[in-house]
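These are my notebook entries on one chain. I record here what I looked up, entry by entry.

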Amino acid sequence: DENLNVIWSENDEVMVLGADNQTGVYKFSSYVADDNKTAAVFENVDTKVTGSRSAIYPASAYVADSYDGTTAQIELGGVDAVTIPTGSPSEVLGKTVVSTLPLVSTPSEETLSFSNLFGGVMFRPYDYMGMGVNIQKLSVASTDGRAIGGVATIDIATGKITSFEGTDTEL
């Protein structure tokens with residue numbers, strides 16, 4: 001939304017990690033008394049995880065079989081294609097893709113609260129002079145050779161990144 005909050009949508013999926021090393025995909029079910037859609041209910045799709053659990057969003061970012069009870073891995077890559085919203089700058093502001101950034105929750109037996117793992121780069125191209133500016137390609141590159149895409153290992157108890165390995169220096 002315009003405050004850069006994550007907005008849950010239909011078909012969103014989270015990978016739930018349980019204290020007993022179980023993992024399961026939970027799919028968006030409904031909104032929770034929240035007109036802004038910043039709170040949601042997710043129901044299990046495959047394996048039900050019980051007890052203390054944490055989660056990774058989106059589920060597709062989770063590296064299969066990487067959860068060992070204390071750490072898990074996620075794949076970080078660029079958004080291949082983003083449809084640029086049209087309209088004035090104030091109209092475009094409310095249509096950000098902050099929900100595409102990986103999120104993680106620390107362990108809880110009840111409500112899971114998510115935090116961003118990484119920052120993002122947002123461009124708001126706007127042809128303010130009405131000259132028909134058309135952007136053909138946009139890329140982000142590391143100037144110091146550090147990877148900006150790859151696999152991150154996360155400490156599930158703290159929600160912090162413990163290591164990052166990758167070779168992608170441009171997305």
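**Entry 1: confidence**

What is the mean pLDDT of the chain, and what share of its residues reach 70 or more? The model is a predicted one, so I began with this point. I found a mean pLDDT of 76, with 72% of the residues at 70 or more.

Residues 78–84 keep a pLDDT under 50, and the model gives them four contacts beyond four places in sequence. Residues 92–96 also have a pLDDT below 50, and I noted 14 contacts for this stretch beyond near neighbours in sequence.

**Entry 2: an open sheet**

I traced an open sheet of three strands, ordered β5-β8-β9 and paired antiparallel. Which strands stand at the edges? They are β5 (71–76) and β9 (160–168); each has a single partner strand, so one side of each lacks a neighbour in the sheet. From one strand to the next, the twist averages 20°.

I next examined the pairing of β5 with β8, which covers residues 149–155. The two strands run antiparallel and are joined by six bridges. In this pairing I located T71 opposite D155 of β8.

**Entry 3: the loop between β4 and β5**

Which two residues does the cis peptide bond join? I found Y57 joined to P58 by this bond, with omega at about -5°. P58 belongs to the loop between β4 and β5.

D65 is placed in the loop between β4 and β5 as well. Its phi is near 60°, which is positive although the residue is not glycine. For context, most residues other than glycine have a negative phi, and most peptide bonds are trans.

**Entry 4: the second largest pocket**

How much space lies in the second largest pocket? I recorded about 580 Å³. Its lining has 20 residues, and those closest to the centre are A40, F42, T111, L112 and F114.

The largest share, three residues, comes from β3. By class, I counted 14 nonpolar, four polar and two charged residues in the lining of this pocket.

Definitions and conventions: Residues are numbered from 1 along each chain as its sequence is written. This is a predicted model: local features need pLDDT of at least 70, side-chain atom pairs count only at pLDDT 80 or more; totals for chains, interfaces and linings use all residues. Side-chain values use heavy atoms; hydrogens and water are left out. Two strands pair if DSSP finds at least two bridges between them. Helices (H or I, at least four residues) and strands (E, at least two) are DSSP runs, numbered from the N terminus. Axes are lines fitted to C-alpha atoms, for helices over the stretch in contact, and angles run from 0 to 180 degrees between N-to-C directions. On a 1 Å grid over the protein atoms alone, a cavity is a set of points where a 1.4 Å probe fits but cannot get out, and a pocket is an open set with protein on both sides within 12 Å along at least five of seven lines; lining residues have an atom within 4 Å of a point. Grid points are joined across faces, edges and corners, and a volume is the space filled by probe spheres set on the points. Ala, Val, Leu, Ile, Met, Phe, Trp, Tyr, Cys and Pro count as nonpolar, Asp, Glu, Lys and Arg as charged, and the others, Gly among them, as polar. pLDDT is the predictor's confidence in each residue, from 0 to 100. Contact means heavy atoms within 4.5 Å.
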